[in-house]
Amino acid sequence: MEITCPRCDSTFSVDAAELRAHDCQAQCSVCDQIFTVDGALCGATPSPAGAGRRWAKRFLLFIIFLLILALIGQAVWWTQAYSYLAGNADLRRAMLGTAQRLGVEIPWPGPDKQILIVNSQVIPGNGNLARITGTIRNTADFVQAYPVIAVTLDNIHGAPVAHLRFTPRQYLAPPYRAADGFIPHTPVPFVLSSPQLITAPGYQVTLISQR
């Protein structure tokens, strides 16, 4: 059979059996180029060693691919870019579903000062108790943590007489959950109720942010 050197295009006649004995490896006698002759052309079946090398190469490429994915995931995690991705409803559901299956909660960033109180009102209750209801809104373009709501009760002179704090788990009602994060541009109702929340001449309702 005849083979051609890929470097200098020299053509030679070789014995197919001899070529197979060398795993279809040939060396050009003109330019000394070592090259592989097509397996089908030389009639060779892949040797176990050759197959092992190919599998080793594929495994190495797979490991490299996993490392790249891990680096990308780490970058997304540390930069908290996932909070922007969670703005997409489908991605957010997938992230929350994965976190639930793993038994963890997503550490949403914030809350920051882009969360606003849209409205609030005091509703008298039984005896001297009161409730405060209202709506908050996340004006940011990313999902973030719900804030703590602080209430200051004032006397008739405007001086504070009590300070109360309410966590998201205390003021949110279904279908809203603190673990799901505060969706961008979505008004969320809140209800503040506590034995310490009594009727008073004045109330100040504020949000506590981390930055």
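1. Does Arg177 count as buried, partly exposed or exposed? Arg177 counts as partly exposed because its relative accessibility is 48%; buried means under 20% relative accessible area, exposed over 50%, and partly exposed in between (1.4 Å probe, protein chains only). Its side chain meets that of Asp180 in a salt bridge (2.7 Å, N to O), and Asp180, at 14%, counts as buried.

2. The model is predicted, so local features need pLDDT of at least 70 and side-chain atom pairs count only at pLDDT 80 or more, whereas totals for chains, interfaces and linings use all residues. Residues are numbered from 1 along each chain as its sequence is written, and side-chain values use heavy atoms, with hydrogens and water left out.

3. The count comes to 3 salt bridges, each defined as a side-chain nitrogen of Lys or Arg within 4 Å of a carboxyl oxygen of Asp or Glu. In one of them, Asp90 and Arg93 have their closest N and O atoms 2.3 Å apart; both residues lie in helix 5 (residues 89-102) and both are exposed.

4. Glu105 forms a salt bridge with Arg169 at 2.9 Å between the closest N and O atoms. This pair links distant parts of the chain, 64 residues apart: Glu105 is in the loop between helix 5 and strand 5, and Arg169 is in helix 6 (residues 168-171). Helices (H or I, at least four residues) and strands (E, at least two) are DSSP runs, numbered from the N terminus.

5. An open antiparallel sheet has 3 strands in the order 5-6-9, where pairing requires at least two DSSP bridges between two strands. Strand 5 (115-124) and strand 9 (187-198) each have a single partner strand, so one side of each lacks a neighbour in the sheet.
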